[in-house]
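Please walk through the fold below with attention to its helix packing, its aromatic residues and a few sites in loops.

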Amino acid sequence: MPRRCPTTPLAVGASGRPIPNQFVLQFPTPQGPIPWATACGPAAMSMALSRLTRHPIPAQEVANRLVGITGKAPEVKGGRATALTTTRDLISTANAYGIHGERVSLRGSSLEEAWQELQGLMRQPVAVMALVTAKGSTTSATRGNADWESYGLKAPDIVASEEDRRKGDGGILTGSQGIDEKGRKKPGEIAHWVVIDRLEERDGKRYVVINNPYHNRQERYPWEYFWNSVNYQARDKNRWWVLSLETQPSIPEGNAVTHP
């Protein structure tokens, strides 16, 4: 039976303590670092890497390495970098840490089939990142008073302290693929990288627990709600994909491949 991976740690800073949110990350440029508004990719990647290597890897370190490896431009808007991270960016960054990453296609013709496919993957010694749809910001109306029920969620569905709840509902999953029936992007909804920490089955119900870099907190969602939130970009007819990361197996001494 495959070994169980440790619980996924939250993103940390250079001190080793959790950062407040993904927005503290900076995008490195020759002129100096600038705030990175769309840093969910490197923040989530740092969590996944910390899980697999079993020691904390600071989120800013991962962000710096990602930009250095990919040569990404900042795409500045309003004084903040808005560069998005693709699976290719994340895989290249993982490789720099000795971690193998690949986009894994899963079957998903039904809720049951999608659950079984994800459950099978999560039994392996891997870290899994998913592209989901989340609320793009916390509005003044909901800041400090997150209205979870308006998203079809009850308070127990979100694993967060009261202090976390006061931060607002920005970044929570929307239960939407991110597009309307005409294929147009829904306003206020964004594609967002999260790490799937574990799957739970209790009291006859199924849940997905994620590490969400938006407010750098852990959240629990009913399986159907999470499934509905998988972003349209990660779907293809009756299939969907996630980013799977695992430690690269070492080559036993004496079996190493040599090159002339």
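What percentage of the 260 residues of the chain count as buried? The answer is 48%, where buried means under 20% relative accessible area, exposed over 50% and partly exposed in between, with a 1.4 Å probe and protein chains only. This is a predicted model, in which local features need pLDDT of at least 70 and side-chain atom pairs count only at pLDDT 80 or more, while totals for chains, interfaces and linings use all residues. Residues are numbered from 1 along each chain as its sequence is written, and side-chain values use heavy atoms, with hydrogens and water left out.

The secondary structure of the chain comprises six helices and 11 strands; these are DSSP runs numbered from the N terminus, with helices (H or I) of at least four residues and strands (E) of at least two. Of the contacts (heavy atoms within 4.5 Å) between residues at least 6 apart in sequence, 69% join residues at least 24 apart.

Two packed helices are described by the angle between their axes and the distance between the axes. Here axes are lines fitted to C-alpha atoms, for helices over the stretch in contact, and angles run from 0 to 180 degrees between N-to-C directions. The axes of helix H1 (residues 40-53) and H2 come within 8 Å and cross at roughly 115 degrees. On the H1 side the contact is made by Pro42, Ala43, Met45, Ser46 and Leu49, and on the H2 side by Ala59, Val62, Ala63 and Leu66. By class, this contact has eight nonpolar residues, one polar and no charged; Ala, Val, Leu, Ile, Met, Phe, Trp, Tyr, Cys and Pro count as nonpolar, Asp, Glu, Lys and Arg as charged, and the others, Gly among them, as polar.

Helix H2 (residues 59-70) also packs with helix H3 (residues 87-96), at an angle of about 110 degrees and with the axes 9 Å apart. That makes H2 roughly perpendicular to H3, a term for angles of 65 to 115 degrees, with those under 35 counted as roughly parallel, over 145 as roughly antiparallel and the rest as oblique. H2 contributes Val62, Arg65, Leu66, Ile69 and Thr70 to the contact, and H3 contributes Asp89, Leu90, Ser92, Thr93 and Ala96. The classes in this contact are five nonpolar, three polar and two charged residues.

In the loop between H1 and H2 lies Arg54. Its phi is near 65 degrees, a positive value in a residue other than glycine, and Arg54 is exposed, with a relative accessible area of 52%.

The aromatic residues come next. The structure holds eight aromatic pairs, where rings of Phe, Tyr and Trp (its six-membered ring) pair if their centres lie within 6.5 Å, and planes under 30 degrees apart count as stacked, over 60 as edge-to-face and the rest as tilted. The rings of Trp223 and Phe226 have centres 6.1 Å apart and planes at 25 degrees, so this pair is stacked. Both residues lie in helix H6 (residues 223-229), three residues apart, about one turn of the helix. Trp223 is buried at 4% relative accessible area, and Phe226 is buried at 0%. For Trp227 and Trp240 the ring centres are 5.1 Å apart and the planes at 75 degrees, so that pair is edge-to-face. Trp227 lies in H6 and Trp240 in strand E11 (residues 239-247), so the pair ties together parts 13 residues apart in sequence. Both Trp227 and Trp240 are buried. Trp115, Trp223, Phe226, Trp227 and Trp240 form one aromatic cluster.

Lys237 sits in the loop between strand E10 (235-236) and E11. Phi of Lys237 is near 55 degrees, a positive value in a residue other than glycine, and Lys237 is exposed, with a relative accessible area of 81%.
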